[in-house]
Protein chains: 2
Amino acid sequence: MSDAHQTNPYEIGLAKNAANFQPLTPLTFLERAAAVFPRHTAIVHGGLRRSYAEFYARSRRLASALAAHGIGRNDTVSAMLANTPAMLECHYGVPMIGAVLNTLNTRLDAKILAFTLDHAETKALIVDREFAPVIGDALNQAKVKPILIDYDDPQFTGPGERLGKIEYEDLLASGDPGFSWSSPNDEWDAITLNYTSGTTGNPKGVVYHHRGAALLAQGNVIVSSMAKHPVYLWTLPMFHCNGWCFPWSISVVAGTHVCLRQVRAAAIYELIAREGVTHLCGAPIVMSTLLNAPPPERKKLPHRIAFFTAAAPPPEAVLAAMKEAGFEVTHLYGLTETYGPAVVNDWQSDWDLLPAAEQAAKKARQGVRYGALDALTVMDPVTMAPVPADGESIGEVMFRGNVVMKGYLKNERATAEAFAGGWFHSGDLGVLHEDGYVQLKDRSKDIIISGGENISSIEVEDALFKHPAVELAAVVAKPDEKWGETPCAFVELKPGMKATTQDLLEWCREHLARYKCPRVIVFAEIPKTSTGKVQKFVLRERAKELSA
Amino acid sequence: MSDAHQTNPYEIGLAKNAANFQPLTPLTFLERAAAVFPRHTAIVHGGLRRSYAEFYARSRRLASALAAHGIGRNDTVSAMLANTPAMLECHYGVPMIGAVLNTLNTRLDAKILAFTLDHAETKALIVDREFAPVIGDALNQAKVKPILIDYDDPQFTGPGERLGKIEYEDLLASGDPGFSWSSPNDEWDAITLNYTSGTTGNPKGVVYHHRGAALLAQGNVIVSSMAKHPVYLWTLPMFHCNGWCFPWSISVVAGTHVCLRQVRAAAIYELIAREGVTHLCGAPIVMSTLLNAPPPERKKLPHRIAFFTAAAPPPEAVLAAMKEAGFEVTHLYGLTETYGPAVVNDWQSDWDLLPAAEQAAKKARQGVRYGALDALTVMDPVTMAPVPADGESIGEVMFRGNVVMKGYLKNERATAEAFAGGWFHSGDLGVLHEDGYVQLKDRSKDIIISGGENISSIEVEDALFKHPAVELAAVVAKPDEKWGETPCAFVELKPGMKATTQDLLEWCREHLARYKCPRVIVFAEIPKTSTGKVQKFVLRERAKELSA
């Protein structure tokens, strides 16, 4: 027919070159924002305002100064920082020289921090003055001797100390604002290292790459329909999955970061009003903080504000109160291993017509994959067969795609286990609803098995949450001679509200099958992890003691 | 310090696998939209409405049916289609089997179509009944004998014929709606083939890949701040750079495609009102069509509508009229080689405060890179040194990044020339403004050199456009014994408006330096390419005849 070819014509002379192939990286997002919107406010922190030109120049200074101290490709730079401008600069300056940013959870103790620094082989460590004492302890226990950089945030007024000889601002002053950084050699190169909170055993070091960070950062923008120039308030810790990649997302749309050291209702309401905040993220505890603020601290919202939550399904009462207060809540789901959220409760417009309780039930489901994730399903982890989409068959939630980690650092066995069969095994148990939405049904260890029946602790908690006096509820298994396990509920009441054990038990019987009702109700403060998740392993220990 | 490693720990045990690496492709966008929003309207065409479930099922039918006819990886499937549902299905069904979609410009003549089919080595050809005659002629001249598939669009009521034995709907009926298609082996694999309009010489076959198509499709969503469920009207031909990748963008946000065979004002206004159109794209001619519609055809817009234009800077008067009519115009720029638009006139909020004329001058600039493009600059094409950002120094506009083509099919020399020095050489001349925005100053052959002075034809056209009676103006060089060249203007007047040569010459003298004023003004219909670009090479011939 046509000219004969040895090979298919699409296979010849169409190779990659610098003009048509560049590694994906979120670093170019900041470069672009600084080039196009140099005077737009990039960062607000107390009275401080920095433009995109300044943000970019300071990130380049940081990169060049770290390079001058011998930090380079695949070296770990750890950061023990609150949600401050320095933390944002680290998200760009560190990977600009091919180094890997390891953000430390500021609520951890010295022992686990020492483990982390050693495991990460930290070469440089940037420490906020507030956390100098615990880091000092950790360094005494650790083997590594990183270069120490002290960060003295003017917004921190408490006590603190200097650990090293290098002050962050001096370091930046020594750097080059025009530093000619380079994109990674390969978009598969590591960009950050995030340790899992590890409720048992040693934390694992989750490695992210430039490709995944760029794709999830854009995915956030698309999932949230985020228009140009949003104002983003930092109520989510940036040490947590790199703030769900929002330090990079905001550059995509040249938005303003409003920093915040501590999640306090008065400050949040004030910043919303003063800075015109449009978006914020946080665990359910942030919603409680907002809703339970004393009236003088609350301000009327200037416009509807998008709130993204994850870690636990938002209870109906909280959703209703948030809506009333002017927040549009979207439920996200993901794990450290998936760059933070990779699943969204993508709202169907016809759900608007449902009664509030049914809307809340829809919103409690974790949802569907981000566009940036290739596949999400629920499978039998042994046979790798998907469960029927019936909303009842429980399996393990599995992820596949470019926003799944590279793997666990120096832990080939855990990496291989996590990726067995070509899917990331989340360890979360869930169901697939008929419409394809995933809903979690506890982690395997959170399921309560009573008289051979599986009880979802989430379902019991949901029932308790609906009681008007309940602020927080957590349900775990209590060993039981007769039934094997029975549900044991820990409850925090709202300030000024009252409810007795009897009240709550009756409430549960009205709302749940009898076998699912808690046998014991404990009124007590519920322990939470540094990222706001309920520490069920602590509660399980207490429940065990109750049976002893 | 820490455990010694033979290699850096980030280099070990963190390889790609199916769980954490998948090829980028826009095909998964449709899969997701169909999974999450199966009942949402994906396509409207006259009275026809198809859901995302149907759109996806039909695309899979197409893929499986083409596979059954022996079409496979790296085979070219050409499509001679209007903006119809079949054209959208081709954008997914063809690449689902690794084949390459080649959309044909429906306004081309048989000779050039025959060249294209032969050059593309077309294996299958899908033809709308309307274009059967010209394709019949082309096939008589061509060497290839593709499988012929006739598409009989119920919205086409004119004459036409069947060329082959396979009807598109029968083909789909024979296909499998649950066909298990696969992502490309490699995201660098070809997805489409677009021929340049080639004002001189043979057209060149521009090859796009899955990676670039996915990134530009998302880039469109981000650049246009496109929220979930937009309603997109097809006033831009889909055969033109794959409709600037919007057939894929709309799936990202689960929007509705409103098809349109022909750009007619009455139909556009009616569809805007009936379907609640939110976005549309088109060359400036589409804006003229909208603005010059007779009053009975015009309808008040139900809300502000985003209009994206490219190909020529929108003149001030047109911008003002579009704004008045309720359209928000954004100026984009790109080439077939850059997947359509890769540059956006990203609006600065402080420009809102400028007088209308200055706003228009800002908007006339081509702008800055999409986030999906890595770099955009203006350079001396010989030294590859960037021009000073002074708004005056002319150089060649250069692109670099993942939304630059793989290269020209079977044309290694042209590919090498286009990518010389690691940048894509656009052939467009422009300047870099102080703020980094690029502005075109004609293609090299459009510059008029008069008495040794360079005259930008765009500048002269802009002056003419500002005259209230001028609908369209195109300025080319006319050979001149004394000056070498002088500007020669071709002008179309608005219906019912009058202006004499003398009026326009005086107008130009008021608005331009004397040496830039046209010496000749010709009132005539201006020839345009099939994509709405003025055919300056035709005008240059006419101007030559005028001097003879």
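This is a predicted model: local features need pLDDT of at least 70, side-chain atom pairs count only at pLDDT 80 or more; totals for chains, interfaces and linings use all residues.
Two copies of a chain are related by a rotation about an axis and a shift along it.

The contact between the chains takes 58 residues from chain A and 58 residues from chain B. On the side of chain A that touches chain B, at least two residues each are supplied by helix H1 (27-36), helix H7 (210-223), strand S16 (368-369) and helix H14 (412-418) of chain A. The largest share of this side, 5 residues, comes from H1(A). By class, the side of chain A that touches chain B comprises 26 nonpolar, 17 polar and 15 charged residues.

In chain B, helix H1 (residues 27-36) is mostly covered, with 9 of its 10 residues buried. The buried residues of H1(B) are B:Leu27, B:Thr28, B:Phe29, B:Leu30, B:Glu31, B:Arg32, B:Ala33, B:Ala34 and B:Val36. These buried residues pack against S16 of chain A, and also against helix H2 (52-68), helix H3 (85-93), helix H7 (210-223) and helix H9 (246-252) of chain B.

Chain B also contains an open sheet of 9 strands, arranged in the order S2-S1-S11-S10-S12-S13-S14-S15-S16, with mixed pairing. Strand S2 (48-51) and strand S16 (368-369) of chain B stand at the edges; each has a single partner strand, so one side of each is left without a neighbour in the sheet. Strands of a sheet pair through backbone hydrogen bonds, either parallel or antiparallel. Strand S10 (residues 231-233) and strand S11 (residues 256-258) of chain B pair in the parallel sense, over 3 bridges. Within this pair, B:Val231 has B:Thr256 of S11(B) as its bridge partner.

A helix pair in chain B is formed by helix H12 (residues 316-325) and helix H13 (residues 356-363), whose axes come within 9 Å and cross at roughly 105 degrees. H12(B) and H13(B) are therefore roughly perpendicular to each other. B:Glu316, B:Leu319 and B:Ala320 of H12(B) make the contact with B:Ala356, B:Ala357, B:Ala360 and B:Lys363 of H13(B). By class, this contact of H12(B) with H13(B) has 5 nonpolar, no polar and 2 charged residues.

Terms used: Residues are numbered from 1 along each chain as its sequence is written. Chains are lettered from A and ligands numbered from 1 in the order in which they are written. Two strands pair if DSSP finds at least two bridges between them. Helices (H or I, at least four residues) and strands (E, at least two) are DSSP runs, numbered from the N terminus. Axes are lines fitted to C-alpha atoms, for helices over the stretch in contact, and angles run from 0 to 180 degrees between N-to-C directions. Angles under 35 degrees count as roughly parallel, over 145 as roughly antiparallel, 65 to 115 as roughly perpendicular and the rest as oblique. Two residues are in contact if their C-beta atoms, placed from the backbone, lie within 7 Å. Ala, Val, Leu, Ile, Met, Phe, Trp, Tyr, Cys and Pro count as nonpolar, Asp, Glu, Lys and Arg as charged, and the others, Gly among them, as polar. A residue is buried if 20 or more other C-beta atoms lie within 10 Å of its own, exposed if 12 or fewer, and partly exposed in between; C-beta atoms are placed from the backbone.
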